[in-house]
Amino acid sequence: MILHEVGRDAGGFKWVRDQPGQDRRYAVDASKLMRELGWRLEHVDFEAGLRETIAWYAANRAWWKSVKAEVEARYKVWGLQISVKKSKSIRSLKSEAAG
């Protein structure tokens, strides 16, 4: 639906392997927002809400563009750190196995 709304081909995405716990990580319990802040759903129609959200992001590029760049830079560094840790771990295991 998102690709259609932004005028892209339906195959224009990359499947990635699921990570354990991913669904729980992104699940939102809005009860505290409702109880303490009085927040209420604005849309019950998913497609209408999705279209409005996409329109908001398109109209507010200046707000999110720099934040996105900063976050992607952090992920890149984090990914490199993970790769270094993994390669050190692999070397350590090989050394132990040989020793």
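**Exercise 1. Overview and confidence**

Find how many helices and strands the protein chain has, and which element has the lowest mean pLDDT.

*Solution.* 
- Step 1: The protein chain holds five helices and zero strands, so the order from the N terminus is written α-α-α-α-α.
- Step 2: The chain's average pLDDT is 79, and 72% of the residues score at least 70.
- Step 3: Helix α2 (residues 22-26) has the lowest mean pLDDT, 64, while helix α3 (residues 31-37) has the highest, 92.
- Step 4: Keep one caution in mind: where pLDDT is low, predicted coordinates should not be read in detail.

**Exercise 2. The helix α4**

Check whether the length of helix α4 (residues 46-59) agrees with its number of residues, then work out how its buried residues are arranged.

*Solution.* 
- Step 1: Helix α4 has 14 residues, and at 1.5 Å a residue it should span 20 Å. Its end C-alpha atoms lie 20 Å apart, which agrees.
- Step 2: The buried residues in α4 are G49, L50 and I54.
- Step 3: Looking down the axis of α4, these buried residues fall within an arc of 135 degrees, so they line one face of the helix.
- Step 4: The buried residues of α4 pack against α1 (2-5).
- Step 5: At the N-terminal end, D45 caps α4, with a side-chain oxygen 3.2 Å from the backbone nitrogen of E47.

**Exercise 3. Aromatic rings**

Describe how W56 is paired with Y57 and with W63.

*Solution.* 
- Step 1: A search of the whole structure finds three aromatic pairs. In one of them, W56 and Y57 are 4.9 Å apart, centre to centre, with 85 degrees between the planes, and the pair is edge-to-face.
- Step 2: The ring centres of W56 and W63 are 5.4 Å apart and their planes stand at 75 degrees; planes over 60 degrees apart count as edge-to-face, so this pair is edge-to-face.
- Step 3: W56, Y57, W63 and W64 form one aromatic cluster.
- Step 4: Now for accessibility. W56 counts as partly exposed at 38% relative accessibility, and Y57 counts as partly exposed at 39%. W63 has a relative accessible area of 57% and is exposed.

**Exercise 4. A residue in a loop**

Decide whether A30 is buried or exposed, and say where A30 lies.

*Solution.* 
- Step 1: A30 sits in the loop between α2 and α3.
- Step 2: The relative accessibility of A30 is 18%, and the cut-off for buried is under 20%, so A30 counts as buried.
- Step 3: For context, buried residues make up 6% of the 99 residues in the protein chain.
- Step 4: A30 and R40 are 10 residues apart in sequence, and their C-alpha atoms are 9.0 Å apart in space.

Methods
Residues numbered from 1 in each chain as written. Predicted model: local features only at pLDDT ≥ 70, side-chain atom pairs only at ≥ 80, totals over all residues. Heavy atoms only, no water. Phe/Tyr/Trp six-rings, centres within 6.5 Å; stacked < 30°, edge-to-face > 60°. Buried < 20%, exposed > 50% of the residue type's maximum accessible area, 1.4 Å probe, protein only. pLDDT = per-residue confidence, 0-100. Helix = DSSP H or I, 4+ residues; strand = E, 2+ residues; numbered from the N terminus. Expected span 1.5 Å × (residues − 1). Arc of directions from axis to C-beta. Contact = heavy atoms within 4.5 Å. Polar contact = N/O pair within 3.5 Å; in protein donor to acceptor, adjacent residues only side chain to side chain.
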